[in-house]
Amino acid sequence: GAIVSFTGIILAHQRNRGGVDVSDTVVAVDMLLAFVLCYTLIFTVMEPLRAGIKSVYVSFAEHPQSLSQAYPLIYRRLSRMSESNMS
């Protein structure tokens with residue numbers, strides 16, 4: 001969002017400065033392109049974090065004993081959450 005706004009401000013500033021004529025269509029297309037690129041970048045960067053969180057849940061479901069030995073704090077929190085959801 002911030003990068004798209006920044007891109008729009010720069011394009012509007014360039015248009016108001018004179019010189020090269022920048023139409024509204026060019027500004028809109030540039031802002032849309034900036035949004036798509038930023039969304040793709042953020043999604044790509046966040047995917048390993050999502051995969052890590054999912055792997056912890058799978059480990060808790062399939063091998064809770066090994067998770068309790070490797071990461072006791074995470075195991076205790078997940079156990080408390082699952083116990084509170086069951087009651």
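Tutor: Happy to! Being four residues apart in helix α2, Y39 and F43 are separated by about one helical turn. Helices here are DSSP runs of H or I with at least four residues, numbered from the N terminus. This is a predicted model, where local features need pLDDT of at least 70, side-chain atom pairs count only at pLDDT 80 or more, and totals for chains, interfaces and linings use all residues. Residues are numbered from 1 along each chain as its sequence is written, and side-chain values use heavy atoms, with hydrogens and water left out.

Student: How is a pair of aromatic rings described?

Tutor: By the distance of the centres and the angle of the planes. Rings of Phe, Tyr and Trp (its six-membered ring) pair if their centres lie within 6.5 Å; planes under 30 degrees apart count as stacked, over 60 as edge-to-face and the rest as tilted. Y39 and F43 are stacked, at 6.4 Å centre to centre with 15° between the planes.

Student: Which cluster does Y39 belong to?

Tutor: One aromatic cluster is formed by F35, Y39 and F43. F35 and Y39 both lie in helix α2 (residues 24-62), four residues apart.

Student: Is Y39 buried or exposed?

Tutor: Buried means under 20% relative accessible area, exposed over 50%, and partly exposed in between (1.4 Å probe, protein chains only). Y39 counts as exposed because its relative accessibility is 52%. F43, at 40%, is partly exposed, and F35 is partly exposed at 45%.

Conventions: Helices (H or I, at least four residues) and strands (E, at least two) are DSSP runs, numbered from the N terminus.
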